[in-house]
Amino acid sequence: MANNIAFQAMGKTYQANATTTSQRIAITSDSPCNQLLVSSHESQSGGKPVYFVVSSNASVTCVAPTAGNPQYSMVVSPGNQIIYTVPQQFSNTTTMYIAFITESTTAEAYFTPGEGL
């Protein structure tokens, strides 16, 4: 993994339309990698965050954390993008599953596999 370079997309970008029910997408990349560029297209004023879990388990689910009820999840806040390093490597022969959810109504996020800062 080359973390001293600008982010390089290494596969297709996947859209996630999050609701209050956990949903899941399967992601592969063109080359082996273990980073995701996660981008929220929600308005910073009034948009909702997207919580997500990345796993090699095809039945992974996600639960939004609440006060006094922590959960295993990562988050992208409205109108932002962030690069996450995930625990497993994925490629064109190894599928990664992303489960996602939002707090209320709907929220839109995008996931792009790759490497870099």
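Residues are classed here by relative accessible area, with buried meaning under 20%, exposed over 50% and partly exposed in between (1.4 Å probe, protein chains only). By this scale A6, with a relative accessible area of 59%, is exposed. The model is a predicted one, in which local features need pLDDT of at least 70, side-chain atom pairs count only at pLDDT 80 or more, and totals for chains, interfaces and linings use all residues. Residues are numbered from 1 along each chain as its sequence is written, and side-chain values use heavy atoms, with hydrogens and water left out.

The overall fold comes first. The chain has 9 strands and 0 helices, where helices (H or I, at least four residues) and strands (E, at least two) are DSSP runs numbered from the N terminus. Read in that direction, the elements run β-β-β-β-β-β-β-β-β. The radius of gyration, taken over C-alpha atoms, can be set against a globule rule of 2.2 Å times the number of residues to the power 0.38. For 117 residues a compact globule would have a value near 13 Å, and the 14 Å of the chain agrees with this. Along the principal axes, the C-alpha atoms fill a box of roughly 35 × 30 × 25 Å.

Of the 117 residues, 42% count as buried. The accessible surface of the chain comes to about 6100 Å², and carbon and sulfur atoms hold 48% of that area; the areas come from the Shrake-Rupley method with a 1.4 Å probe, and for residues only the protein chains shown count as cover. Contact means heavy atoms within 4.5 Å. Among contacts with a separation of 6 or more, 84% are accounted for by residues 24 or more positions apart.

The interior can be described through its nonpolar cores, each a set of buried Ala, Val, Leu, Ile, Met, Phe, Trp, Tyr and Cys residues joined through side-chain atoms within 4.5 Å. The largest has 21 residues, and L36, F52, I98, F100 and F111 have the most contacts inside it. At least two residues of this core come from each of β2 (14-18), β3 (23-27), β4 (33-40), β5 (50-55), β7 (81-90), β8 and β9 (107-115). Beyond residues up to four places away in sequence, F111 touches K12, T13, Y14, A16, I25, I27, L36, L37, V38, F52 and I98. A second, separate core of 8 residues includes Y51, C62, A64 and I101. In soluble globular proteins, nonpolar side chains tend to be buried together.

C33 is buried at 0% relative accessibility, and C62 is buried at 2%. The structure holds 0 disulfides (pairs of cysteine sulfur atoms within 2.5 Å).

Strand β8 (residues 96-102) includes T102, which is buried with a relative accessible area of 2%. A polar atom of the T102 side chain lies 2.7 Å from the backbone oxygen of P49. Leaving aside neighbours within four places in sequence, T102 is in contact with A18, T19, T20, K48, P49 and A107.

In the loop between β8 and β9 sits T105, which is exposed with a relative accessible area of 58%. T105 has a positive phi of about 50° although it is not a glycine. Most residues other than glycine have a negative phi.

Finally, the chain ends. A6 lies in the segment before β1 (8-9). A6 and E115 are 109 residues apart in sequence, yet their C-alpha atoms are 8.0 Å apart in space.

Methods
Polar contact = N/O pair within 3.5 Å; in protein donor to acceptor, adjacent residues only side chain to side chain.
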